[in-house]
Amino acid sequence: MLPLIANFFQTTSLPPDQYSGSYDLRLVALSYMVAVFASYIALDLTGRLRDPNNTRLSSFLWLVGGAIAMGAGIWSMHFIGMLSFNIPGLTLQYGPFWTVISLLVAVFASGFALFLLKSKTINIVHLIAGGVLLGLAIASMHYTGMEGMLVTLNIRYLPDLFLLSIIIAIVASEAAIWLALKSNKVILRVRNRIKLISAIIMGIAICGMHYTGMAASVFTPLCSGSLVANNSLDPTILSMAIASVTFIILSVAFFASNYKEARNQEQFEKARQLGMAEISASVLHNVGNVLTSVNVSANTISEKLNSAKAYNLDKLCVLLRENQHDLANFFKKDPRGVKVIDFMENLTQFHQEEQQKFADEIKVILKNVGTIKEIISTQQTMSKDLGMENLILINEIMDESLLIAGLSMRDEITLEKHYGKLEPVLIDKVKLLQVLINLLHNAKDALFESSNPKKILAITTSAKNSKVTIEIKDNGIGIAAKNINKIFQHGFTTKASGHGFGLHTSALIVNELGGDIQVHGENSEKGATFILHLPYRQEN
């Protein structure tokens, strides 16, 4: 073991026959450009892997294609970086075996990183462990590639810089994973900007690892005093060729990713328009229900007025006029006169009761008219605020969604509201409303299809760790385990009259808002729970 370490590390003073080299700055710049482009593609592919519309096959193809593109990009950066290094009087050569092995290591390392980022939830343990493993894999790729240079010269490494290069690789990998996750959790309009800034930072980190590893290298001749001359391909031409092929591979990945994004946006726009039409239909339906209630109340008032016993007052007036010459005797001795006071008291009580009934019906009418106003006002607000971000109160938006979905007027469903104390949030109100209304409609349908005698819909809002959480839970028919992973896919539905756009569109909208959506559910009348996580932004 000790001789192996001694042959790998330069543990003694630097040898007198050590080669001194220099870098072609043009190729150094080219290696950085490749690193930045590869980093940007890696960040972009992360979004594709986490696309809710992916099937198992498409996820696998994105993973394999992404691993090849990303691995080729990282490997090319390192190889161009090595080609940028030259030793006067010596033509550096690279053994094909170790060069290919280093490429395979890069591809597998990239595949591991993308597989890690594919997961919907990543905790701190996964982040740290993934960064360490990815960093070690990238360092292995670098030093495996360096082994290919042993056909030309001997290489040993300075232990301190060797260790520093590995630390840089791990830190860069941790940063890459974190930035990849972060870049896909911001609102869509700033996502590309975040990706570009992140790619520039990652490019610096990747190049920093490579050139630190090169600085750790101590080059000496294979035989004392020997130089190897060879008429091999010019490093600049070879670097340009590798860079060109790499840019072609990365460009294919980039255009494939953008094509998928364009398809998603096209599907999203169609589904969004359909969703808005459904909301409008829901508004009209709910207004119609309220108008029916208004009509019932108006008919009740009309019937009561028509059946009122006011005609008895006419009879009393006739009787009093007939006896107006001797009213005193009439009230004392006439059997009819004796009952006049009792009649007046009963009539007064009757009219008071009727008046109270009229007042109650009028209150119902006024309440229903107010409900119509609120529904129409919400619809008008949605039309005005289309595509705009506003500071809104999540709890108020939740109540508006319940109103439009017709759940605030359903006596058959018990609403349980567990609202947290939340500050205003900056978000696109219309898009959030569309998501919430869709989820509430689904919950209402699930509850009405359920055989549970007591139908419960529980709404919970809270805020923690810069995130707003909205939980919508019902005790309806639930979701089959086999459908959980397909529930957000385009065209998938379990309803006979469904079109498969609603939940898919909701997932796309939530992603565009910089959040994520999760679902938990079981069959056997145990209901389902949808959980929204949204960024807790209070300013741009």
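The side chains of Asp-24 and Arg-26 meet in a salt bridge, 2.9 Å from N to O. This is a predicted model, where local features need pLDDT of at least 70, side-chain atom pairs count only at pLDDT 80 or more, and totals for chains, interfaces and linings use all residues. Residues are numbered from 1 along each chain as its sequence is written, and side-chain values use heavy atoms, with hydrogens and water left out.

Visitor: How many salt bridges does the structure hold?
Guide: A salt bridge needs a side-chain nitrogen of Lys or Arg within 4 Å of a carboxyl oxygen of Asp or Glu. Asp-24 and Arg-26 form such a pair. Lys-417 and Asp-399 also pair, with their closest N and O atoms 2.9 Å apart. The structure's number of salt bridges is two.

Visitor: Is Asp-24 buried or exposed?
Guide: Buried means under 20% relative accessible area, exposed over 50%, and partly exposed in between (1.4 Å probe, protein chains only). Asp-24 has a relative accessible area of 17%, so Asp-24 is buried.

Visitor: Which class does Arg-26 fall in, buried or exposed?
Guide: The relative accessibility of Arg-26 is 58%. Arg-26 therefore counts as exposed.

Visitor: Are helices H3 and H4 parallel or oblique to each other?
Guide: H3 (residues 56–83) and H4 (residues 96–118) pack at an angle of about 135°. Angles under 35 degrees count as roughly parallel, over 145 as roughly antiparallel, 65 to 115 as roughly perpendicular, and the rest as oblique. H3 and H4 are therefore oblique.

Definitions and conventions. Axes fitted to C-alpha atoms, helices over the stretch in contact; angles between N-to-C directions. Helix = DSSP H or I, 4+ residues; strand = E, 2+ residues; numbered from the N terminus.
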